[in-house]
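Thank you all for making time this morning.

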Amino acid sequence: MLDIINEHIKKVESFTADSIDKIEEFRIKYLGRKGMLVQLFDEFKTIPAEQKREYGQKLNELKNKLTEKINLLKAGMTSGQTPSSDIDLTMPAETVTIGTRHPLSIVRNEILEIFSRIGFIISEGPEIEDDWHVFSALNFPKEHPARDMQDSFFIQKEPDILLRTHTSSVQVRVMEKQKPPIRTISPGRVYRNEAISARAHCLFHQVEGLYIDENVSFADLKQDLLYFVQEMFGKDTKIRLRPSFFPFTEPSGEMDISCKLCGSKGCKICKHTGWVEIMGCGMVDPNVLEFNNIDSTKYTGYAFGMGIERITMLKYQIDDIRLFFENDVRFLQQFESCW
Ligand code: PHE
């Protein structure tokens, strides 16, 4: 009989179950009213007195092993673990790879947040556009080089359909739908037929702003851009405006900021000038207002546009624009975690 009990102990030790039903079946088999244990205790009565001690201890061992096993299996079921006594609860958990936000998204969000604080509303539009929204409504003359196949990606000619070359097209769409005052900011991907290098890519991202109301002046433009730059790059950042030309603004300017890398002392990034260019801007050309049915005798406006890649490269000291599009996790992991 001792052998039989030992046999049962082994069986109990190696028993596993993957459902509550199987555990219950096992429990009834051993601990039920007509179960194995009751039978063994019955047989125990017939054992000679001098052997009772040894048999009694074995039987108790079997009983304890049974309750222990059943409790363990039930606990495993409720906590969702594999029901096995071999579980090693001290084992380190499998590492879960957590994604990180793309640096361009981090900087885009930051730019949008800064402009939202001074009343700009986010607007978005299609990446595939027609001639009117990308060029004509923005006062581009017929012979402008941007209308050339060499500069823009055309999907269709006459009528011209192309990948937008700037997000100014979104602002045309806003002007179509909304009357002044307008204060909008348009982030998005743009495409240009450029040779890919460390400094240029055929696709990149922009944020463009437009503010139209009565009495909007160049002073408003300057002050709002100064606010943006100091929020983005720090309070000690200076701005400088140089005259430039865009078909849709008059006067037009290009804005530089004092070089953060060398403290304006001169370095490779600022080409030893102490200044880096970050955006184009200007007062909205009255023609553009009229094309979009806005009374140019009553309203004035300013506009600006910047490349998110450029701002990101300056902020994080990245020296090759191609890194943004290669999706190399070693690069992408260096920025803010999503969590
Ligand atoms: N649309 C111009 C560009 O893509 C930027 C710009 C916007 C310039 C608004 C002036 C005013 O380069």
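Let me start with P159, whose place is in the loop between β3 (154-156) and β4 (161-163), where helices (H or I, at least four residues) and strands (E, at least two) are DSSP runs, numbered from the N terminus. The peptide bond that leads from E158 into P159 is cis, with omega near -5°.

Before I go on, a word on the basis: this is a predicted model, in which local features need pLDDT of at least 70 and side-chain atom pairs count only at pLDDT 80 or more, while totals for chains, interfaces and linings use all residues. Residues are numbered from 1 along each chain as its sequence is written, and side-chain values use heavy atoms, with hydrogens and water left out.

A cis peptide bond is also found from E250 to P251, with omega near -5°, and here the proline is placed in strand β8 (residues 249-258).

Staying with the backbone, N293, in the loop between α9 (286-291) and β10 (300-307), has a phi near 55°, a positive value in a residue other than glycine. N293 is exposed, at a relative accessible area of 65%; by the cut-offs used here, buried means under 20% relative accessible area, exposed over 50%, and partly exposed in between, with a 1.4 Å probe and protein chains only. Q317, in the loop between α10 (308-316) and α11 (323-326), likewise has a positive phi near 55° and is not a glycine, and Q317 is exposed too, with a relative accessible area of 58%.

Now to the cysteines: how many disulfides does a search of the whole structure find? The search finds 0, a disulfide being a pair of cysteine sulfur atoms within 2.5 Å. For C259, the closest cysteine sulfur is that of C262, and because the two sulfurs are 3.6 Å apart, they are too far for a bond. C281 has its closest cysteine sulfur in C259, but at 19 Å that is again too far for a bond. As for accessibility, C259 counts as buried at 3%, and C281 counts as buried at 2%.

Finally, the overall layout: the domain assignment of the protein chain gives domain 1 (2-77) and domain 2 (103-338), with bounds that come from an automatic or database domain assignment. The C-alpha centres of domain 1 and domain 2 lie 78 Å apart in this model.
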